[in-house]
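Student: I am new to this structure, and I would like to go through it slowly with you. Could we look at it together?

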Amino acid sequence: MVTSGLEGLIPGGTFYLRTFGCQMNEHDSERIHGLLSAEGWHRVERPEDADVLIYNTCSVREKADSRLLGNLGVARRLKAAGRTRAVVVAGCLAQSRRDTFLAEQPVVDVLVGPQSLDELGRRLREFLLTGRPGTACAGGTGGWSATLPRIRRPGPTAWVQIMTGCTNFCAYCIVPYVRGAESSRPAEDIVAEVRSLVADGVREVTLLGQNVNAYGKEAGFGGREEFPDLLGALDDVAGLCRVRFMTSHPKDMSPRLIEALGRYASVCEHVHLPVQSGNNRVLAAMGRGYTREDYLHLVGELRRSVPSLTLTTDLIVAFPGETEAEFRETLSLVEACDFDAAFTFIYSPRPGTRAAVLPDRVDRQTAERRVNELIALVQGQAAEKNRRLVGATLEVLVEGRNANGQGWGRTRGFKLVNFSGTAAAGERAMVEIGGATSAGLTGRRVPHGR
Ligand code: SF4
């Protein structure tokens, strides 16, 4: 149990926890849940029922900021009605706006950055005892949320943090400023956590880091392992069927890693490899560290190593100065790569990043037209790739039942499948695919060996 020195002074009450942003934040929220439960707090599902409201925030995109502000409106109302005793903002936004946010949003009582989650309980108790707002936002590589107690949603899949931070400083990205420098977690800790998850019924783990391909490469890392070695160590864990990982950076996708992806049976045939743009001038302005040609070469090598590869990506349109011709190069790269899916974004400036002060912002109308054209291309490609799977029989790790009573789960290639026939969560069912859309597949369960 994590101790704060203030145990027993405040009786455990109820908390509501809302998460914004990426899987790393979802994972951090499992740690916040575990940490507060260990200190006697009880989680509730509705803000109206909670003594404390906690928002675990993201500041990567403007949209997440505005969703938080909407939630703070609810918090203000509940506080005014005397229901809510404290409001906590945790995560990336807390870190990036640590010097001003409490003054800008007086409804917020405690700010906790992603490297300081271990301080959350203590800061909350201090506020409840003294009424003085508090901030815990350590800089640098700070603490590991992976070492805190955890309560995860039940099921056969789990996230495992293997790194924290990022040292790439892409021109548009706030992450290195809020999560600090890359720091790798010792392989033996990761393997031990995975073994205990498997003992708890987990069959698939997703290894999390901002740039997992750089695992073990930072100066001062005590271990000898790099990412391919870690995949090898996890492949030896009995009972673990599937290993996924995200996110990969193209510049750190080494030949050794590409070879490892094809070698280990547990490593799923899915790589999420953000390309962001198909134009070399834009890639250089973004500070991505690779060219269009480098990326296309990597895709070719990956497909050679893993012939049934599912390839997904992230794309940004309307980066400052992006011309129509440069945007067309993104479209042509998407066509050449034949992606299974892509997250598409309109560039939004993040204060404090290099790109935020670049001239030649693309107007909103042009940006929206470009993103819509890109989405149409990506969705057409995704639907066609899924259609090619109709008639195939694929392994699905069953995660549960949908609202229609059908089983659902994912293939090794991360395709969402809804299927008829009985199956329990955690089973690996063989499903004959009968239908496809850009979003996923449908089918029926068939006996193994068909
Ligand atoms: S690799 Fe670039 S985009 Fe990804 S987290 Fe690091 S700085 Fe941000």
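**Helix pairs and the ligand shell**

Tutor: The axes of helix 9 (residues 255-263) and helix 11 (residues 292-305) come within 8 Å and cross at roughly 30°, where axes are lines fitted to C-alpha atoms, for helices over the stretch in contact, and angles run from 0 to 180 degrees between N-to-C directions. Helices (H or I, at least four residues) are DSSP runs numbered from the N terminus. This is a predicted model, in which local features need pLDDT of at least 70 and side-chain atom pairs count only at pLDDT 80 or more, while totals for chains, interfaces and linings use all residues. Residues are numbered from 1 along each chain as its sequence is written.

Student: How are helix 9 and helix 11 oriented to each other?

Tutor: Their axes cross at roughly 30°, and angles under 35 degrees count as roughly parallel. Helix 9 and helix 11 are therefore roughly parallel.

Student: Which residues of helix 11 make the contact with helix 9?

Tutor: Two residues are in contact if their C-beta atoms, placed from the backbone, lie within 7 Å. On the side of helix 9 the contact is made by Ile-258, Glu-259, Leu-261 and Gly-262, and on the side of helix 11 by Glu-301, Leu-302 and Ser-305.

Student: At roughly what angle do the axes of helix 12 and helix 13 cross?

Tutor: Helix 12 covers residues 324-337 and helix 13 covers residues 364-387. Their axes come within 10 Å, and the crossing angle is roughly 10°.

Student: How far apart are the end C-alpha atoms of helix 2?

Tutor: The expected span of a helix is 1.5 Å times one less than its number of residues, so the 19 residues of helix 2 (residues 62-80) should span 27 Å. In agreement with this, the end C-alpha atoms are apart by 28 Å.

Student: How many charged residues does the shell around the ligand have?

Tutor: The residues around the ligand include Cys-166, Phe-169, Gln-210 and His-249, a residue being near a molecule if its C-beta atom, placed from the backbone, lies within 6 Å of it. By class, the shell has six nonpolar and four polar residues, and the charged ones number no residues.

Definitions and conventions. Nonpolar A, V, L, I, M, F, W, Y, C, P; charged D, E, K, R; others polar. Helix = DSSP H or I, 4+ residues; strand = E, 2+ residues; numbered from the N terminus. Parallel < 35°, antiparallel > 145°, perpendicular 65-115°, else oblique.
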